[in-house]
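Here are a few notes to read alongside the structure. I hope they give you a friendly way in.

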Amino acid sequence: MARVTALLGALTSDDGPLGPGSRSTLRHRAGVPFVGTPVRAHRAVHPAQRVRSPAVGILDRFRLDDRVAVVTGASSGLGAVFARTLAEAGADLVLGARREHRLGETRAEVEKLGRRCVTVRTDVSSPEDCQALVDAAMTEFDRVDVLVNNAGIGTAVPATRETPEQFRSVIDVNLNGCYWMAQAAAKVMAPGSSIVNISSVLGMTTAGLPQAAYTSSKAGLIGLTRDLAQQWSGRKGIRVNALAPGFFTSEMTDTYPEGYLESQKQRILAGRIGDPDELAAALVFLASDAGSYVTGVTLPVEGGLLTS
Ligand SMILES: NC(=O)c1ccc[n+]([C@@H]2O[C@H](COP(=O)([O-])OP(=O)(O)OC[C@H]3O[C@@H](n4cnc5c(N)ncnc54)[C@H](OP(=O)(O)O)[C@@H]3O)[C@@H](O)[C@H]2O)c1
């Protein structure tokens with residue numbers, strides 16, 4: 001009985017049953033004075049909790065006006081497309097990755113769309129870097145409404161040759177990094193917020209290449225999504241979902257062996273590789289109030305690859 005009581009205590013002791021952690025404490029931890037950007041006071045009513053008038057149309061539910069989205073791995077490929085799309089939907093952006101000059105390019109595109117954007121050099125395998133990225137969002141915007149855990153690396157090494165370091169390095173970024181980011185974000189997210197983890201169809205099936213580390217990390221991310229949804233959906237009002245993309249052209253898929261992508265096309269019912277905008281549309285659904293009753297799921301966006 002004492003053990004059950006201790007467990008229940010642990011479940012409610014982190015930052016209360018519903019509310020986010022103290023923002024003033026967090027800002028103090030960040031140690032950054034508020035210069036330039038006027039910080040909005042903590043709202044009594046989160047945009048996602050406003051009582052909806054019947055006049056709010058279905059398309060308005062997909063909008064992210066006044067929301068703040070953190071996107072990791074936004075320096076290239078899908079992450080850059082996600083950042084642009086979320087900005088187009090009305091969100092301000094906080095972007096993290098290791099290549100700062102490439103992050104700057106994504107920031108310029110976000111700003112061209114009229115949204116504000118902050119970039120922070122971030123290695124998601126470092127819990128401290130993940131905390132610093134969320135701290136930067138709080139310093140600049142005083143809120144985090146959406147987290148997109150997109151940073152990832154892909155390797156292909158035959159299992160008998162893969163070293164512990166090679167295997168661990170992939171897990172460290174693709175799985176552990178998502179957890180460190182989610183932990184940091186969930187401490188400050190208000191009810192109505194959304195976390196979207198970018199998994200892969202390779203978390204659910206195989207596709208010919210020797211990818212034990214990558215597939216393990218992406219399958220693990222589906223489990224992480226399920227468990228965080230269980231912990232946070234009801235208690236904190238934070239939805240946690242994942243996308244499982246099929247094949248989309250990016251710097252990662254550019255490294256595939258010649259002919260590999262072409263060979264995979266026969267498995268895809270749609271008969272073609274995906275356009276990143278098709279994936280970004282699903283992201284907006286999960287990130288916005290349009291997906292307000294969806295949590296704990298992994299949504300495949302793969303042109304029917306898993307069905308074939
Ligand atoms: N493209 C596809 O077909 C496909 C399919 C399924 C899943 N995915 C997933 O989609 C996500 C994006 O991949 P992509 O295809 O767009 O490939 P990409 O162009 O290579 O993008 C990967 C991003 O992750 C960042 N990253 C890598 N290691 C990092 C680290 N330690 N800390 C912070 N950021 C890091 C990279 O930025 P820096 O190098 O600047 O750090 C880059 O911005 C990945 O999680 C990938 O597994 C892609």
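This is a predicted model: local features need pLDDT of at least 70, side-chain atom pairs count only at pLDDT 80 or more; totals for chains, interfaces and linings use all residues.

1. Helix α4 covers residues 100-112, and its 13 residues should span 18 Å at 1.5 Å a residue; the end C-alpha atoms are 18 Å apart, so the two agree. Its buried residues are L103, T106, R107 and V110. They cover an arc of only 105 degrees around the axis, which means that they lie on the same side of α4. As background, an α-helix has 3.6 residues a turn, so residues three or four places apart point the same way.

2. What lies on either side of α4? The buried residues have a cover that includes α3 (77-88), β2 (92-97) and β3 (117-121). On the face turned away from the buried side you will find the exposed residues H101, A108 and K112.

3. Stepping back to the whole chain, there are ten helices and seven strands. Of its 308 residues, 42% count as buried. Among contacts between residues at least 6 apart in sequence, 75% join residues at least 24 apart.

4. The largest nonpolar core has 74 residues, of which A69, L86, L93 and A185 touch the most other members. Helix α6 (residues 164-186) gives the most to this core, with nine residues. Once neighbours within four places in sequence are left aside, L86 is in contact with L64, A69, A91, L93, V146 and A287.

5. For the ligand, the surrounding shell holds 30 residues, and the closest are G73, G77, R98, G152 and S250. The elements that give two or more residues to this shell are α3 and α8 (251-254). By type, the shell divides into eleven nonpolar, 14 polar and five charged residues.

6. Most residues other than glycine have a negative phi, yet D66 has a positive one of about 70 degrees and D142 a positive one of about 65 degrees. D66 is placed in the loop between α2 (23-30) and β1 (68-72), while D142 lies in the loop between α5 (127-141) and β4 (146-149).

7. Are these two aspartates buried or exposed? D66 counts as partly exposed because it has 15 C-beta neighbours inside 10 Å. D142 is buried, with 20 other C-beta atoms within 10 Å.

Note on methods:
Residues are numbered from 1 along each chain as its sequence is written. Helices (H or I, at least four residues) and strands (E, at least two) are DSSP runs, numbered from the N terminus. The expected span of a helix is 1.5 Å times one less than its number of residues. A residue is buried if 20 or more other C-beta atoms lie within 10 Å of its own, exposed if 12 or fewer, and partly exposed in between; C-beta atoms are placed from the backbone. The arc is that of the directions from the helix axis to the C-beta atoms. Two residues are in contact if their C-beta atoms, placed from the backbone, lie within 7 Å. A residue is near a molecule or strand if its C-beta atom, placed from the backbone, lies within 6 Å of it. Ala, Val, Leu, Ile, Met, Phe, Trp, Tyr, Cys and Pro count as nonpolar, Asp, Glu, Lys and Arg as charged, and the others, Gly among them, as polar. A nonpolar core is a set of buried Ala, Val, Leu, Ile, Met, Phe, Trp, Tyr and Cys residues joined through C-beta atoms within 7 Å.
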